[in-house]
Protein chains: 2
Amino acid sequence: MHLNSEQIQALNLKQRIHLINSITGIKPANLIGSIDSQGQTNLAVFSSVVHLGSDPALVGFVLRPPGHVPRHTYDNIKEMGSYTINHVHPEFAQQAHLSSYKFDKNESEFTQCGLQEEFLPDFPAPFVKESNIKYGLHFVEEIPIKQNNTRLMIGEVQEIILNIIPQTPDGGLDLELSKSLGISGLNSYYKFNLIDTYEQPSAENLTRFLSN
Amino acid sequence: MHLNSEQIQALNLKQRIHLINSITGIKPANLIGSIDSQGQTNLAVFSSVVHLGSDPALVGFVLRPPGHVPRHTYDNIKEMGSYTINHVHPEFAQQAHLSSYKFDKNESEFTQCGLQEEFLPDFPAPFVKESNIKYGLHFVEEIPIKQNNTRLMIGEVQEIILNIIPQTPDGGLDLELSKSLGISGLNSYYKFNLIDTYEQPSAENLTRFLSN
């Protein structure tokens, strides 16, 4: 099937949303935890977390336009300057997904979805106790994307909590063994199978591969 | 294990790169195809493709700073205004990974890595013939990220080619059946198992879930 731009535009909005949300490929499933100055916590599932750099350790995520969604996560990050990102595991995937329900500001998704808060002594935002890979960030910059009024929120990693440290041969985290999850489209959750860890491409392994 | 910001900074650069590239969770494996005005094609694997919006259909990816990497993809996109994004499948994952080797400008990664070019009549950039889910984009905007000199490249989806259309119950693409791949860290490739497609959260299914 080939769709040109007119045919893409002619899809009904629901079809287009599901298709365009799928064609970028797998997306990471993460819960973002935040808190306001009154101590009211908030938790929301995001599939748009993206690595921006390791030195300094910068991570971004994309927020939908104001008006489309309650802005508790955005307001809390702007108010307190900190937030957490927590991997989602199969045991609480459905609870994580329910966090996208539009709860009132005075209802914490932690309580409503049955997840536990965890705090570090000197970091204000709540972590998800059930998550085995999680980190706290200081908010650094908000970049408006003028084409559709979304925004890229950038944070610097300040605290990392690893309850398990499964490693791939090159020293990364093994996301199969960590039981981290991904999302496609809006509502589909996946687990992973590591198929291979390749060598960093070099003239030597390129020649070896191509001669096979 | 808990690492604070001093301890994160004290990791050697290789450890920090592998860790920070892993903690964002799974990343989609995509090949970006481009061409210059002389007809020289280019192909490079990227793990930073991110959905920005469905109406209009906007997709971003993050490019490392000038100087860190050859800028063939960047130069071609700026010169021609178009590029393609192609899902990676297990049959050519190692070839896709090798595309990150620093080939000379006059060497096409298509030829060097043994992948085939595919063109649409009215779209200049090359698709990867072996990929079953792929799309062509018109370049829209380059957003500099000043903290680390990376840039977010934004394109609007113009052409979609789906050789297979496996669907999840909600109408998205089933990335297990499409055999699309993901990446963690720098060199590890994963396939996916769909664990569930949940309903869109509503007051009704929230009550039903919480009463179970």
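Here are some numbered notes on this predicted model, meant to be read with the structure open.

1. **Chain A as a whole.** Start with a single chain. Chain A holds six helices and 13 strands. Its C-alpha trace spans about 65 × 50 × 30 Å along the principal axes. Of the 212 residues in chain A, 51% are buried. If you take the contacts in chain A between residues at least 6 apart in sequence, 63% of them join residues at least 24 apart.

2. **How the two copies relate.** What rotation puts chain B on chain A? The answer is 180 degrees, with 0.0 Å of shift along the axis and an RMSD of 0.0 Å. That is the relation of a two-fold axis. The same surface serves both copies, as 100% of the contact residues of chain B recur in chain A.

3. **The contact between the chains.**

4. Follow the strands in the order 2(A)-12(A)-13(A)-13(B)-12(B)-2(B) and you have walked across an open sheet of six strands with antiparallel pairing. Which strands stand at the edges? They are strand 2 (27-28) of chain A and strand 2 (27-28) of chain B; each has a single partner strand, so one side of each is left without a neighbour in the sheet. As background, strands of a sheet pair through backbone hydrogen bonds, either parallel or antiparallel.

5. Now look at the two copies of strand 13. Strand 13 of chain A and strand 13 of chain B, residues 188-197 in each, run antiparallel and are joined by nine bridges. To find one of these pairs on screen, pick Leu194(A), whose bridge partner is Tyr190(B).

6. **Another link between the chains.**

7. **A closer look at Met153(B).** This residue also belongs to strand 11 of chain B. Is Met153(B) buried or exposed? With 25 other C-beta atoms within 10 Å, Met153(B) counts as buried, because the cut-off for that is 20 or more. Leaving aside neighbours within four places in sequence, Met153(B) is in contact with Gly60(B), Phe61(B), Leu63(B), Ile77(B) and Glu142(B). Take Glu142(B): it is eleven residues from Met153(B) in sequence, and the two C-alpha atoms are 4.7 Å apart in space.

8. **Strand 7 of chain A.** Why is strand 7 (residues 82-87) of chain A described as largely enclosed by the rest of the structure? Because six of its six residues are buried. Both faces are covered: Ser82(A), Thr84(A) and Asn86(A) are buried on one side, and Tyr83(A), Ile85(A) and His87(A) on the other.

9. **The partners of strand 7.** Strand 7 of chain A pairs antiparallel with strand 3 (residues 30-35) of chain A over four bridges, and there His87(A) is the bridge partner of Asn30(A). Strand 7 also pairs with strand 10 (residues 133-145) of chain A, again in the antiparallel sense, over five bridges. For that pairing, look for Ser82(A) with His138(A) as its bridge partner.

Technical notes
Residues numbered from 1 in each chain as written. Chains lettered and ligands numbered in written order. Predicted model: local features only at pLDDT ≥ 70, side-chain atom pairs only at ≥ 80, totals over all residues. Pairing = 2+ DSSP bridges. Least-squares fit on C-alpha atoms with pLDDT ≥ 70 in both. Contact = placed C-beta atoms within 7 Å. Buried ≥ 20, exposed ≤ 12 C-beta atoms within 10 Å, placed from the backbone.
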